[in-house]
Amino acid sequence: MDNSSNFDSTSSVDQNDHSVSETPEYSPFSRDSFAYCRTNSEVSNLSEAVDDNSYASDRSPSPWMSAKHGAVLSRLGMKQRKHSLDGKSDDLDILESELEMMKERFSKLLLGEDMSGGGKGVCTAVTISNSITNLYATVFGQNLKLEPLKPEKKAMWKREMNCLMSVCDYIVEFAPTAQYLDDGTIVEMMTSRPRSDIYINLPALQKLDTMLIEIFDSFQDTEFWYAEQGSISGNSNRSSRSNAGSFRIIAQRKDEKWWLPVPCVHTGGISDKSRKHLIEKRDCANQIHKAAMAINSSVLAEMDIPETYMANLPKSGRSSLGDPIYRYMHSTDKFSPGNLLDCLKISTEHEALELADRVESSMYTWRRKACLSHSKSSWNKVKAHMADTDQNDKNYVLAERAETLLFFLKQRYPELSQTSLDTCKIQYNQDVGKAILESYSRVLEGLAFNIVAWIEDVLCADKSMRN
């Protein structure tokens, strides 16, 4: 019995040590996380192949057989220890590779992405913002379907984001707090606490991040599959489920989405349960998109306007907007931005973004004129004089109407890209905390918007097949 138990314990060697699939070439890492590798090394098949009664129930017929079994067990034990050492060596290699990766990231942060070391790199805030954006592109850039993320991708996202977010633990502000001494005396002291914007927004963003990952994980056993553009059959693991009716859906793919895989469903459409699940996840992702967009807008609004943007503002807001829009904004007593947008008949997102840039630049031109007589003042001076400005001033009224028009424009086109001012703010921002909040909310906003669009594509395919 001792030999059999020893054999069972030593035979639980991992014979299914599947190597972790390599990340794509664009990935900044060459290996996966240590935790993921451990989850693949806890399964053993050798112990299942051993019958406990094969050696323990019957007595050995001769000493020679016992010696033979002992030799086999000895060799197996040596092999087991060898595999154990090899497993530890592999784990150490993975840890060393991750350590080298962390050194590389830390060096890039210190150098400001200027690998020559000449001090010409960008500031730390821009470096962290670029790191979050690049990480999002690495993890989610090739994920164009409603399906769970690969374990190595999910581990990469969590590991890297935790590393980048750790900077926020050291961004604090000082606040007065009351301290009670032993004799009952109350002394006011300055203590550090997390900065208010990070304390409020960062946990909210992390919660939205978790909810988006859960949405992806919920699409495991789906009643739809994907086929490449122009292909009748689905992917390899669902090719048997494809049918001739799916080509009708693929042929309806719009040109602006030519790079996306096409969702396919059966002839009768998906079940009511699956349709309800899709609608629930779409509504959830839509709410996440709105929340992330609100956080991103608030963070961008708190960023200082760069001096370069103020210096390049047009001298006249009328010349920037154009005479038709200016006359409507100037001559109307009750300004209606919705009616103005209806009259403009904007057909493309490019036209909407161009109008947003012109309205925004005109708004700050009128605000500067309403506050100061000279036209090359900084935005800080403009903000200092805003409260003392006469609200009946023509420039003040035009600036307020331009701000209202810009707000309605962004509401009507929620997928609108960042304006020139937003891009300029991100480029010249030096606040690390705001850079993290802005980039984090921006990538989550984009991911939530993509999920909503992909679910809409599946629901559209389902409706086409049911009709």
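**Group meeting: a walk through the predicted model**

Let's start at a loop. Glutamate 415 sits in the loop between helix 17 (394–412) and helix 18 (420–428). Helices here are DSSP runs of H or I with at least four residues, strands are runs of E with at least two, and both are numbered from the N terminus. This is a predicted model, so local features need pLDDT of at least 70 and side-chain atom pairs count only at pLDDT 80 or more, while totals for chains, interfaces and linings use all residues. Residues are numbered from 1 along each chain as its sequence is written, and side-chain values use heavy atoms, with hydrogens and water left out.

The cut-offs are under 20% relative accessible area for buried, over 50% for exposed, and partly exposed in between, with a 1.4 Å probe and protein chains only. Leaving aside residues up to four places away in sequence, glutamate 415 touches Glu349 and Phe449. Contact means heavy atoms within 4.5 Å. From glutamate 415 to phenylalanine 449 the C-alpha distance is 7.9 Å, across 34 residues of sequence.

Next, helix 18. Its buried residues are Leu421, Asp422, Cys424, Lys425 and Ile426. What do they pack against? The partners are helix 6, helix 10 (272–302), helix 11 (307–311), helix 15 (349–371), helix 17 and helix 19.

Now the overall picture. The chain has 19 helices and 4 strands. Of its 467 residues, 39% are buried. Take contacts between residues at least 6 apart in sequence: 72% of them join residues at least 24 apart.

On to a helix pair. Helix 7 (residues 151–165) and helix 8 (residues 196–217) have axes that come within 13 Å and cross at roughly 175 degrees. Axes are lines fitted to C-alpha atoms, for helices over the stretch in contact, and angles run from 0 to 180 degrees between N-to-C directions. Helix 7 and helix 8 are therefore roughly antiparallel. On this scale, under 35 degrees is roughly parallel, over 145 roughly antiparallel, 65 to 115 roughly perpendicular, and the rest oblique. Helix 7 brings Lys154, Trp157 and Met165 to the contact, and helix 8 brings Leu202, Gln206, Asp209, Ile213 and Asp217. Sorted by class, that contact holds 4 nonpolar, 1 polar and 3 charged residues. Nonpolar covers Ala, Val, Leu, Ile, Met, Phe, Trp, Tyr, Cys and Pro; charged covers Asp, Glu, Lys and Arg; the others, Gly among them, are polar.

How many aromatic pairs does the structure hold? There are 10. Rings of Phe, Tyr and Trp (its six-membered ring) pair if their centres lie within 6.5 Å; planes under 30 degrees apart are stacked, over 60 edge-to-face, and the rest tilted. Phenylalanine 140 and tryptophan 157 are edge-to-face, at 5.1 Å centre to centre and 80 degrees between the planes. Phenylalanine 140 belongs to helix 6 (residues 124–140) and tryptophan 157 to helix 7, so this pair ties together parts 17 residues apart in sequence.

A second pair is tilted, because the planes of phenylalanine 216 and tryptophan 454 stand at 55 degrees, with centres 6.4 Å apart. This one links distant parts of the chain: phenylalanine 216 in helix 8 and tryptophan 454 in helix 19 (residues 432–466) are 238 residues apart. Phenylalanine 216 is buried at 0%, and tryptophan 454 is buried at 7%. Tyr136, Phe140, Trp157, Phe216 and Trp454 form one aromatic cluster.

Now the strands. Strand 1 (residues 172–180) and strand 2 (residues 186–194) run antiparallel, joined by 9 bridges. Pairing requires at least two DSSP bridges. Alanine 178 stands opposite glutamate 188. The hairpin has 5 residues between the strands, and there glycine 184 takes a positive phi near 90 degrees.

Strand 3 (residues 224–227) pairs with strand 4 in the antiparallel sense, over 4 bridges. Alanine 227 has valine 262 as its bridge partner. In strand 4 (residues 262–265), Val262 and Cys264 point one way, Pro263 and Val265 the other, and all are buried.

Last stop: isoleucine 325, in helix 13 (residues 323–331). Isoleucine 325 is buried at 6% relative accessibility. Beyond residues up to four places away in sequence, isoleucine 325 touches Leu340, Leu344, Leu355 and Arg358.
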